[in-house]
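Subject: Structure for you to look at

Dear colleague,

I am passing on the structure we spoke about, together with some notes on what was found in it.

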Amino acid sequence: ISIVTTPALFNLANDWANEYAKMNPDLKVKVTKSSDAEISKGQNTGVNFYLVPNGISEINKASGFWKISVGKDALVPVLNSKNPFLTELKNHNISEVVLAEILLASKDRKWHIVPKTGQNVPINYYMVNDAADNSIIEKFLSAHQAIEGIRVDNYEKLLASVMNDPYAIGFCRLSTLLNTNISGIEQKITVMPLDRNGNGKIDHFENN
């Protein structure tokens, strides 16, 4: 069985393939990593399955493929738990619109945009160098342009960067946040609550 996947999903595909092979020892499963561009151009031959993120690969739009969702992974905004404005952020009900304004203002990304901080301190936005996930973040924030920031290689490095920078913001995969081996992550990283329904307060379901 031949499976082709993008770099972002390679570890997941490999884990699934190994577990499947354990249950079916007579079958051989080969997982190959390929860029989204290569997959979109159909440069892979003899492939049985593609495992690709939704919303980025052209293979999702192509006809002639049977498609099914096999899993979901949330992207959540994270902050350093020692951020000096954390109380204000929790009390003033930051909405997706305000967060979008913060992240789109790449040349003047300062904490004074948050109500009552009054601090002209730079906001450092860390982002993983992953086109699929960055596209999802931009759609979530209804951004009509690319959001730029300090690029890192993976989510483990993003978490490490946010932990070392009290003025940082980043989006991290929830699976990485829950399964990371970083010591003391629960005390060092805070998931930023967002006023998703725009009612001016952080409801219980928005603060979990």
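A residue is called buried here when its relative accessible area is under 20%, exposed when that value is over 50%, and partly exposed in between. Please also keep in mind that this is a predicted model.

Strand S5 (residues 124–128), by contrast, pairs with S7 in the parallel sense over 3 bridges, with Asn 124 opposite Ala 168.

For the protein as a whole, there are 8 helices and 8 strands, and buried residues make up 39% of the 208 residues. Of the contacts with a separation of 6 or more, 65% are accounted for by residues 24 or more positions apart. The accessible surface comes to about 12,300 Å², and 50% of that belongs to carbon and sulfur atoms.

Another part to look at is an open sheet of 3 strands, in the order S2-S1-S3, in which the pairing is parallel. Strand S2 (30–33) and strand S3 (49–51) stand at the edges with a single partner strand each, so one side of each is left without a neighbour in the sheet. From one strand to the next, the twist averages 25°. S1 and S3, which run parallel, are joined by 3 bridges, and Thr 5 has Leu 51 in S3 as its bridge partner. Helix H1, made of residues 10–23, lies across S1, S2 and S3 and runs at about 175° to S2.

Which residues does Ser 2 contact, leaving aside its neighbours within four places in sequence? They are Lys 30, Gly 46, Val 47, Asn 48 and Phe 49. Ser 2 itself is found in strand S1 and counts as buried, because its relative accessibility is 16%. Ile 1, in the segment before strand S1, is partly exposed, with a relative accessible area of 35%. Together with Tyr 20, Met 23, Leu 27 and Phe 49, Ile 1 forms a nonpolar patch on the surface, and these residues have about 490 Å² of accessible area together.

Finally, Ala 146 is found in the loop between helix H5 (131–140) and strand S6 (150–152), and with a relative accessible area of 47% it is partly exposed. Setting aside neighbours within four places in sequence, Ala 146 is in contact with Leu 104 and Glu 138. Ala 146 and Leu 104 are 42 residues apart in sequence, and their C-alpha atoms are 8.0 Å apart in space.

Notes:
Residues are numbered from 1 along each chain as its sequence is written. This is a predicted model: local features need pLDDT of at least 70, side-chain atom pairs count only at pLDDT 80 or more; totals for chains, interfaces and linings use all residues. Side-chain values use heavy atoms; hydrogens and water are left out. Patches are made of residues with over 30% relative accessible area and no salt bridge: like charges are joined within 9 Å, nonpolar side chains (Val, Leu, Ile, Met, Phe, Trp, Tyr) within 5 Å. Accessible areas come from the Shrake-Rupley method with a 1.4 Å probe; for residues, only the protein chains shown count as cover. A salt bridge is a side-chain nitrogen of Lys or Arg within 4 Å of a carboxyl oxygen of Asp or Glu. Helices (H or I, at least four residues) and strands (E, at least two) are DSSP runs, numbered from the N terminus. Buried means under 20% relative accessible area, exposed over 50%, partly exposed in between (1.4 Å probe, protein chains only). Contact means heavy atoms within 4.5 Å. Two strands pair if DSSP finds at least two bridges between them. Axes are lines fitted to C-alpha atoms, for helices over the stretch in contact, and angles run from 0 to 180 degrees between N-to-C directions.
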